[in-house]
Amino acid sequence: QSNAAIEKLAGLSKVELKQKKLSEWIDNAEIFNRDQFQSEQRIFRQNGSTIPCLIEGGRVRSDYDNSQFSFAMFTNISEQYQARESLIEREKQFSSLLDSTPDPMLIVNADGVITMVNLQAEKFFGYQRQEVIGKKVEFLMPARFHELHPKLRESFTQKPSARPISNRNRLLVLTKDGREIPVEISLSPIETNQGLLIATALRDISDRVSAENERNKQMRLLQKTKEEVRGNFEELQAILDAASSGIVLVKGHDRIIVSANQRLHEMFGYEAESLIGLSSKVWYVSEETWRETGAIAYRHICEGDTYSAEVELKRKNGQVFWARITGHAVDWTTPEKGAVLIVDDITAEHEAARALQRAKEMAEEAAQAKSDFLANMSHEIRTPMNAIIGLSHLLLKSKLDIKQRDFMHKIQQSSQHL
């Protein structure tokens, strides 16, 4: 037996499911031979695609004829599978990035437990990573510091802040072969869903020349990062310039334009980049409108809300048009970071609304004219019709043959209905 859900999941009809062996559309059908099972398997669909599923079930014996059969529930875990694969990939990327750093690095949680080390740390301490992961960070320190260091660590986790490598951040570490090596460390707190993590970079200062070389490597890595950031910024700017809406970043009391995309310049009729450094006041039909709109908008924006309103703005050539402005703070807790505004020209929408209103008014006028016409016609017809009704009533009281009387009845009834 099968339900509609598994038929849809497998892309097979009920008949096709009965005709196929489990091994033809389930990655490992042998799990159905177990008394109980829970397994992630791939489902091979009719169209050739596969879907990861969680299959749970077991064997059941019928009370009716003592026959044995298996039942299973299939749950589509595509999203979980993709999320897990994405997480694994990100962890691999992070691990690769960690391994690419020239300094020994440790990732430690708020309890001081080592959760990750890079290749340089393995070489530096002489341990394989599985030998240190899960142990307290004090494991890599001389025994005389085991009592003091947890207090220092607890003090840092209460008020975490980035601490770069310097002579002030110095301690002794203990390698696997028993050597004590003086190092400078940097501490970088990282907030995650699992809690606070601390990225710790160590630098061997027993050889200052070696330390200088390591510093040069760090500078090259920083330069590469800057180039990547610059490339990412250029890509982001290209995306913003391709947007159909005007997008702008404004800062300060005068709402100075710090950055704006190409569409915003085109919308207001300005040359590229010529709006940068100007106040958004140049868009508004009057300074009073600019101040009133800003006061209302920033009451919402400074509370972390999104503001949206339709206002009349002015192009460079003085043409006034209707626009919809939507704004949100970059960081509402830090107003000086400014606000991002999205501006859309909605002139066509307003024209369509006015045309609709005009059509509605014309329809109402036509309906009123019709009503007036019918009222007049009713009055004009009613006077002679009363005469017809009265005369037909008198004629019916006179001597008429059957056919004439029938005609008069019809005239009278029709007149009364009218």
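Modeller: Two strands count as paired if DSSP finds at least two bridges between them, where strands (E, at least two residues) and helices (H or I, at least four) are DSSP runs numbered from the N terminus. This is a predicted model, in which local features need pLDDT of at least 70 and side-chain atom pairs count only at pLDDT 80 or more, while totals for chains, interfaces and linings use all residues. Residues are numbered from 1 along each chain as its sequence is written, and side-chain values use heavy atoms, with hydrogens and water left out.

Biologist: What makes strand β9 and strand β10 a pair?

Modeller: Strand β9 (residues 246-251) and strand β10 (residues 256-260) are joined in the antiparallel sense over 4 bridges, and the definition asks for at least two, so they are called paired. Lys-251 stands opposite Ile-256 in β10, and the hairpin has 4 residues between the strands, with Gly-252 at a positive phi near 85°.

Biologist: Why is Arg-255 called buried?

Modeller: Buried means under 20% relative accessible area, exposed over 50%, and partly exposed in between, with a 1.4 Å probe and protein chains only. Arg-255 has a relative accessible area of 9%, and is therefore buried. Arg-255 lies in the loop between β9 and β10 and has a positive phi of about 50° although it is not a glycine. Most residues other than glycine have a negative phi.

Biologist: Why is Glu-273 called exposed?

Modeller: The relative accessible area of Glu-273 is 53%, and the class begins over 50%, so the label exposed applies. Glu-273 also has a positive phi, near 70°, and is found in the loop between α9 (262-268) and α10 (287-301).

Biologist: What makes strand β8 largely enclosed by the rest of the structure?

Modeller: In strand β8 (residues 195-204), 7 of the 10 residues are buried, which is why the strand is described as largely enclosed. Strand β4 (residues 105-109) runs antiparallel to β8 and is joined to it by 5 bridges, with Ile-107 opposite Ala-199. Strand β7 (residues 180-192) pairs with β8 in the antiparallel sense over 10 bridges, Ser-186 having Ala-201 as its bridge partner, and a hairpin of 2 residues joins β7 to β8.

Biologist: How many disulfides does a search of the whole structure find?

Modeller: The search finds 0 disulfides, a disulfide being a pair of cysteine sulfur atoms within 2.5 Å. Among the cysteines, Cys-53 is buried at a relative accessible area of 0%, whereas Cys-302, at 37%, counts as partly exposed.
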